[in-house]
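Dear colleague,

Please find below the structure that I am handing over to you. My findings follow it, grouped by topic.

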Amino acid sequence: MLSSRALSNIQQLDLPFRFSPTPDYDPQTNPQGLISFGMAENRPMRTEIVKYINEKVTFTLDSISYRSSASINARLPGATAAHLDRVLSPYSSINPNHIVVADSPTSLGNMLGFNLAERGDGILVNRPVYGRFELDYGVEAGVEIVYADTETEEAFTPNAVAKYEQALLEAEQRGIKIRAVLLVNPHNPVGRCYPADTLRHIARFCDRNNLHLISDEVYASCIFDSGDPNAIQFTSILSLDLQGLIDPNLVHVLYGFSKDFASGGLHLGFLVTANEQLRRACKMVTRLHGPSQTAITIGTAILEDTGFVDSFMAKSRASLAAGYRLATSTLERENINYVKRGNAGFFIYIDLSPFLPKDHRSVQEREFDLAQKLLDAGVFLHPGEEHSKAEGWFRLVFSNDEPALKEGLRRSDYRIIFMFSLLQN
């Protein structure tokens, strides 16, 4: 007999479209294969990282040991702090001793849920938002994600704080103690950055309610020129003067290699926090979620090679800009609505509500139906994963290799236009 926790978690495996299918498209070897617009991976840049690892990283016995006898473990936090000083432009330089190293930002989210909240407590987020936080903070820690019902545009303005206040009150009326606010900046799935003034208002809200502020900044370097002069540039929460805004011990930043370095499979993540007690608590949990010595070897080599990092980031920004413009030009040609002023991340938030089946089934059932028809055509878009208030919104990941992006858009165009013609008849 399994525990109640296990039985509850198992149910997640049976939910329709909860997990993404694996893409297997290749223009030469498998031209009919599946193209995924649902997996947030910077696929064009993986070759650069693999080439660097093969040519520049030297593995030693320490790279496969339980613990390194060399100085490499001590070098990684310092290299990370120096890198984040360049990327996040913090108000005060990041102290290497304030960095917790783990196997991924996902694991660190789990640690934060476990260490900041009791089972059944809540973490507050606005929506739309990346839907897997429910798993990251819920599977082991048993923490509930509570949604503030912001409109997409509203979420990036100080007006969102009123919705946070309302959600906090309603959660407490349901017996859920809110322990933290979770921000995704740059935002997933909207692809925008939070203005500094909005960050200040949210920080003040957290401070007066004694809530932790978790800022997930895993896309911090994935900023590109989208061609929109009104796009907001990235501001890290750590770049603000927190004095008078919020107790610095309540502010925690997540970062990792998965997005900025196109290395999700490397499994290397970082938590930046001035909260010594939290760092000590995480140290105990990293026994279960620590990075491999091999990942530490690779990560240290990359971060210490600032010339390579600068070159890689420049190529990544150019690749993301090209993919974004290709995808948005297709959407505009086909008159498909999407959230404008994006300039960050791997995704575009698109409105496919006109193509939902017109019947009396639930919104979720009709979104699943559209997703299944697209899947039948060889394209995967994740339905309902971002928990939009409005029906029919999907996250389209454009950071694919160019042949896959073009073919996926062609397949999607064909399927959606065909469905639309049926709906009109």
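**Helix α10 and backbone geometry**

Directly after helix α10 comes N335, which has a positive phi near 55 degrees. Please bear in mind throughout that this is a predicted model. Helix α10 itself covers residues 306–333, 28 residues in total, and spans 40 Å from its first C-alpha to its last, close to the 40 Å expected at 1.5 Å a residue.

H267, which is not a glycine, has a positive phi of about 60 degrees. H267 belongs to the loop between β7 (251–256) and β8 (269–273) and is partly exposed, its relative accessible area being 44%. H387, likewise a residue other than glycine, has a positive phi near 55 degrees; H387 sits in the loop between β11 (382–383) and β12 (393–397). As background, most residues other than glycine have a negative phi, and most peptide bonds are trans.

Cis peptide bonds are also present. One joins N185 and P186, with omega at about 0 degrees, and another joins N188 and P189, with omega at about 25 degrees. P186 is placed in the loop between β5 (178–184) and α7 (196–208), and P189 is likewise in the loop between β5 and α7.

**Salt bridges**

The structure contains 25 salt bridges. In one of them, R325 pairs with D225, and the closest N and O atoms are 3.6 Å apart. Because R325 is in helix α10 and D225 in the loop between β6 and β7, this pair ties together parts that are 100 residues apart in sequence. R325 is partly exposed at a relative accessible area of 40%, while D225 counts as exposed at 54%.

D121 and R179 also meet through their side chains, at 2.7 Å from N to O. D121 lies in the loop between α4 (105–116) and β3 (122–126) and R179 in strand β5, so the pair connects parts 58 residues apart in sequence. Which category does the accessibility of D121 fall into, buried or exposed? D121 is buried, because its relative accessible area is 8%, under the cut-off of 20%. R179, by contrast, counts as partly exposed at 28%.

E41 and R43 form a salt bridge as well, with 3.5 Å between the closest N and O atoms. E41 is partly exposed at 21%, and R43 is partly exposed at 21%. Finally, a network of salt bridges links R18, R132, E134 and E385.

**Surface patches**

A patch of positive charge on the surface brings together R67, R280, K283 and R287. R287 is located in helix α8 (residues 276–289) and counts as exposed, with 78% relative accessibility.

A nonpolar surface patch is formed by M1, L2, L7, I10, L13 and F19, which together have about 680 Å² of accessible area. F19 lies in the loop between α1 (4–13) and β1 (35–36) and is partly exposed at 39%.

**Two C-alpha separations**

A274, in the loop between β8 and α8, has its C-alpha 5.5 Å from that of N249, 25 residues away along the chain. A274 is partly exposed, with a relative accessible area of 33%. C222 is in the loop between β6 (212–216) and β7 and counts as buried at 1% relative accessibility. The C-alpha atoms of C222 and I298 are separated by 20 Å, and the two residues are 76 residues apart along the chain.

With kind regards

Terms used
Residues are numbered from 1 along each chain as its sequence is written. This is a predicted model: local features need pLDDT of at least 70, side-chain atom pairs count only at pLDDT 80 or more; totals for chains, interfaces and linings use all residues. Side-chain values use heavy atoms; hydrogens and water are left out. Patches are made of residues with over 30% relative accessible area and no salt bridge: like charges are joined within 9 Å, nonpolar side chains (Val, Leu, Ile, Met, Phe, Trp, Tyr) within 5 Å. Accessible areas come from the Shrake-Rupley method with a 1.4 Å probe; for residues, only the protein chains shown count as cover. A salt bridge is a side-chain nitrogen of Lys or Arg within 4 Å of a carboxyl oxygen of Asp or Glu. Lys and Arg count as positive and Asp and Glu as negative; His and the chain ends are not counted. The place of a charge is taken as NZ of Lys, CZ of Arg, CG of Asp or CD of Glu. Helices (H or I, at least four residues) and strands (E, at least two) are DSSP runs, numbered from the N terminus. Buried means under 20% relative accessible area, exposed over 50%, partly exposed in between (1.4 Å probe, protein chains only). The expected span of a helix is 1.5 Å times one less than its number of residues.
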